[in-house]
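Please look over the sequence and the structure before reading on.

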Amino acid sequence: MKKIIEEIKRLNIETIKEDESLSNYTTFKIGGPARVLIEAKSDEEVLKLVRLFDEMKEDYLIIGNGSNLLISDAGIERPVIVLDKNFSNITMIDEVTLYAEAGASLKSLANKALELGLGGLEAISGIPGTVGGAVYMNAGAYGSEIKDVVTKIRYIKDDSIAELDASKANFAHRRSIFQDKGYIILGTYFKLEKKDKKDIEEEQRDYTQRRKDKQPLEYPSAGSVFKRPEGYYASKLIEDAGLKGLSVGGAMVSKKHSGFIINTGSASFDDVVKLIEKVKAIVLDKFAVSLEEEIRIINE
Ligand SMILES: Cc1cc2nc3c(=O)[nH]c(=O)nc-3n(C[C@H](O)[C@H](O)[C@H](O)COP(=O)(O)OP(=O)(O)OC[C@H]3O[C@@H](n4cnc5c(N)ncnc54)[C@H](O)[C@@H]3O)c2cc1C
């Protein structure tokens, strides 16, 4: 590891941190130290890092806003690349097309679209992720998914920058090709539609209010823990099983939204994992439905 850190330092990247607590990089506020964490600011920096890691046969982890991640308290030995606000330019390509770097938040992208009178992002504007994390997850809300507005993705393939047409990205419910191949997303092209700014603003406000009303936004969490099982809603199954408020240590099934597990203050990684296992076992027992995690659990 010492050797890798020395090599990373030779790349002339401004922000390299050692033994950095990952609880500061996840919305769950859980996660031990990263041995080395690099905040990349451009395509070139990401490419340099990936080439180095491939050359050294070193695996790595990408983090966007950490809003879908549960990371072990033991931390992470492999290098962590953070792609967030330092890598977040949004450019207008033509009158209905925007390009956003992977670290741009969906909120800032939606705000830019509003400023330009472009609709299409309203329903997903409140998802607290980056463009990269949202494309990786095919994030969605209120009947929309990010795939509905994505046309092309700029990414790293075989140590070079390439572009992938959205039709080849294998988008499905909370799935994309990027999960299967481990490619890094550098940025995404969005095709939007001209729309009255007042309507966009009103819709965004309405969706934001719905989140405030239904979700425990006052607590750290990673959003809905489980994917929607075919023919059911995970949160309804959990509520019907009487599991609202069920706790392990500092982790609790939210009383406001049973699909969420919240960190009530001092939840450990183990608390959350044990609670997830309990919820899955009880739902399986009561309804014969296997819940599958939507959140990405990193335990190394
Ligand atoms: C309060 C709350 C509400 C939420 N509501 C919703 C919702 O309505 N709908 C929904 O779908 N999700 C929701 N989520 C979950 C989460 O916000 C989304 O999954 C989001 O898209 C994750 O983006 P991120 O940048 O935080 O990714 P991260 O959590 O940082 O990463 C998620 C995964 O993507 C990978 N990744 C991140 N960036 C890149 C990149 N540039 N290239 C390659 N891989 C990358 C990571 O390695 C990781 O495996 C919610 C979460 C919270 C906390």
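Domain bounds here come from an automatic or database domain assignment. On that basis the chain is divided into domain 1 (2-82), domain 2 (90-200) and domain 3 (216-298). The model is a predicted one.

**Ligand shell**

- The ligand is surrounded by 36 residues, and the closest are I62, G64, S67, T130 and G140.
- By residue class, the shell around the ligand holds 18 nonpolar, 14 polar and 4 charged residues.
- At least two shell residues come from each of β3 (61-63), α4 (131-137), β9 (140-141), β13 (184-191) and β15 (221-224).
- The most is given by α4, which supplies 5 residues to the shell.

**Polar contacts and burial of the ligand**

- I62, one of the closest residues, has a polar backbone atom 2.7 Å from an oxygen atom of the ligand.
- G64, also among the closest, places a backbone N or O atom 2.7 Å from an oxygen atom of the ligand.
- For N68, the distance between a polar backbone atom and an oxygen atom of the ligand is 2.8 Å.
- The ligand taken alone exposes 970 Å², and 94% of that area is buried by the protein.

**Domain 1 against domain 3**

- A distance of 28 Å separates the C-alpha centres of domain 1 and domain 3.
- Contact between these two domains involves 14 residues of domain 1 and 19 residues of domain 3.
- Between them, domain 1 and domain 3 bury about 1300 Å², with 63% of it on carbon and sulfur atoms.
- On the domain 1 side, F28, N68 and L70 lose the most area to domain 3, and together they make up 52% of what that side buries.

Technical notes: Residues are numbered from 1 along each chain as its sequence is written. This is a predicted model: local features need pLDDT of at least 70, side-chain atom pairs count only at pLDDT 80 or more; totals for chains, interfaces and linings use all residues. Side-chain values use heavy atoms; hydrogens and water are left out. A residue is near a molecule or strand if one of its heavy atoms lies within 4 Å of it. A polar contact is a pair of N or O atoms within 3.5 Å; within protein, one must be able to donate a hydrogen and the other to accept it, and residues adjacent in sequence count only if both atoms are side-chain atoms. Accessible areas come from the Shrake-Rupley method with a 1.4 Å probe; for residues, only the protein chains shown count as cover. Helices (H or I, at least four residues) and strands (E, at least two) are DSSP runs, numbered from the N terminus. Ala, Val, Leu, Ile, Met, Phe, Trp, Tyr, Cys and Pro count as nonpolar, Asp, Glu, Lys and Arg as charged, and the others, Gly among them, as polar. Contact means heavy atoms within 4.5 Å. Buried area is the accessible area (1.4 Å probe) that two parts lose on being put together, summed over both.
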